[in-house]
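Welcome, and take a moment to look over the model before reading on. We will visit a few of its residues together.

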Amino acid sequence: MSHTIHKSSVYGSTTQRVLGIPEILELVFSFLETKDAAQCARVCKGWSAIALDSLWRDVDDLHRLFSLLAPIVARETPDCPDVNALPVVSVVSCGSAQTSQHFSRPLEPADWGRFMRYARRVRSFSALPSDDERLHGPPIFDEIARTRPTFNVLPKLSSLSWLSEKGDRTRLSLMFMHDNIKHFAVRLIPTDDYSFGVFFQEIALRMPKLIELDLRFNFPMRDIEEALCKLLTDLPELEKIILPKFTLTAKIIEQLSKSPKLRVVQFEFPESQGTGDVSDVHNWFPNVDEEAFPALHDLSVSVHLPHMIRFLNSDFSPSHLQCLYVHVLYVVPPYQVQEFLESVAKNCKQLTQLFLDFAGDPSPLIFRTSLPDEDRIGWNSLRPLTKLPKLTQFELHWETALAVTHADVEELASSMPALEVLVLNPEPLPTPQPPALTLRALIPFAQHCRNMRELSLCVDASATDTLEDAARELHAALPPVRFQKLRELTFGLSRITHPESIALFLSRLCPVGVTVAAGVSWPEGVGALAAENVDDQAVLLDMWNQAKEWYSRWEEVNHMLPLLTSIRMEERARRSELEREVEDLRVRCRVLEDRMHVGVPHDGGCITL
């Protein structure tokens, strides 16, 4: 009995010591729901501070934050004031009565003392569109501005996101700005009474140490180009900038080239990021100086490909790039793709990630016409990739299918064994012409690219004879050929007829846990295409019906593959065990034969190895 008590006491003391380590507690609390973290804050003083830090570190509810000061209530105002006279935000409605939010009473010093206990813990704050309706009208913000005891409402804030969808609320973000903020994201909504030029001046004045700037808007960059260039000049610590697509104009690039610490320049596609005007990047000819982009390693641009070739071949183009994403505005001939890759190989020796993306919606074509090989990107166009020794990720999305053969794939895989992610145009515009590649194209990658994690191809998996040939080749390979680290296999718009045989074949190549996917990622999906006449419409409709069938069959493959792969691994384990037993018997037989040759008499004993 005493022994049992001793063990439990030791266990209890160990548990107490572990739960007394702040870093472990902080990690545990980070996984809790808000209400659970609040309960932990009431356990003891030791847990309270850590739980409150976890609870208030990231705040995305303005109503919840301001409720710390005093209860917030809605009140109706009988008279409709002049909306244009309001200094910050307009109210909801203007009829016989209007509603706005108020504190239930005037704020007192004790309210601010209680508020600051929590405000000092906030590191990241996001004002979301939902706050536009929950906190509308100026009274609450006016009361805070009048009574706050310190200039910095959230003194330890380092990340601020102001994503309101009402332009007249943009100025309210100034209340949270200070020189300790490093990350700032804002949605820009034009208004008549507050210019972006003035707002950008406020950003530079109040947050001069920004290292990340994320601007989201839906208007042409030319409307704010001058003001934004001035802002970039006033942010010497800037390391990363994120903009909508079609906004990285030549003038913006020229200004960014002068930022001494800038490491990342990128744009985003999601609708929430916004979009500029494509005409702003039609004539993209930036002229940069000798000391341009001293620290840049990640660049994303939307350009016409010949303009990008000119930029890369200029005397002072960025030479330390590790990641390059080029969104091509218009499809170009294969020889220009080759020129682009040659320029990259010549001027970006440190590159590890390269993306060439025609990311627009595919243009309507004559669907019954097959393009000749010389009009499609082939291995000759892609061969300059082999001159990039550090390249681990290459992604190509194009409108038309590639003219790549199995021999080309063998050369690609053997020349680039360091590849970890390869996306080789898996979802081209469908045509009656089947892809030249089959599932046999997977074998060279499994054989040479031992670190491959993601692989995307467009293949013809409908021919059973070629699949049987590939299976025999795979079965005869010594040593066995298998992917070691593959996690995702994507086939886009690949044709498929028999999912069972495909799953059996893939189970020979893939490790446990691989996900098989298919389909398209075009911005508007399959609805992006439109036929030019009735005949083409019929052909297109037939193709999309086939594509739906292909997608469902690849889904079947994905469902069957885990079980088949597990069974295949068990078979391999049993085979390895049998091979070991056979080898053991062979060794024993050789020993017996050796004893007979040297004249050792048979004494009926056994042989121990």
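Where is the place of Ser317? Ser317 sits in the loop between helix H12 (305-312) and strand E11 (323-328). Helices (H or I, at least four residues) and strands (E, at least two) are DSSP runs, numbered from the N terminus. Before going further, please keep in mind that this is a predicted model, where local features need pLDDT of at least 70, side-chain atom pairs count only at pLDDT 80 or more, and totals for chains, interfaces and linings use all residues. Residues are numbered from 1 along each chain as its sequence is written, and side-chain values use heavy atoms, with hydrogens and water left out.

Is Ser317 buried or exposed? Ser317 counts as buried because its relative accessibility is 12%; buried means under 20% relative accessible area, exposed over 50%, and partly exposed in between (1.4 Å probe, protein chains only). Setting aside neighbours within four places in sequence, Ser317 is in contact (heavy atoms within 4.5 Å) with Phe311 and Leu312. A polar atom of the Ser317 side chain lies 3.0 Å from the backbone oxygen of Leu312.

Now move along to Trp379, which is found in helix H14 (residues 379-382). With a relative accessible area of 4%, Trp379 is buried. Beyond its neighbours within four places in sequence, Trp379 has contacts that include Ala403, Val404 and Glu411. Trp379 and Glu411 are 32 residues apart in sequence, and their C-alpha atoms are 9.1 Å apart in space.

Finally, look at two cysteines. Cys449 is buried at 1% relative accessible area, and Cys458 is buried at 13%. Counting a disulfide as a pair of cysteine sulfur atoms within 2.5 Å, the model has zero disulfides.

Notes. Polar contact = N/O pair within 3.5 Å; in protein donor to acceptor, adjacent residues only side chain to side chain.
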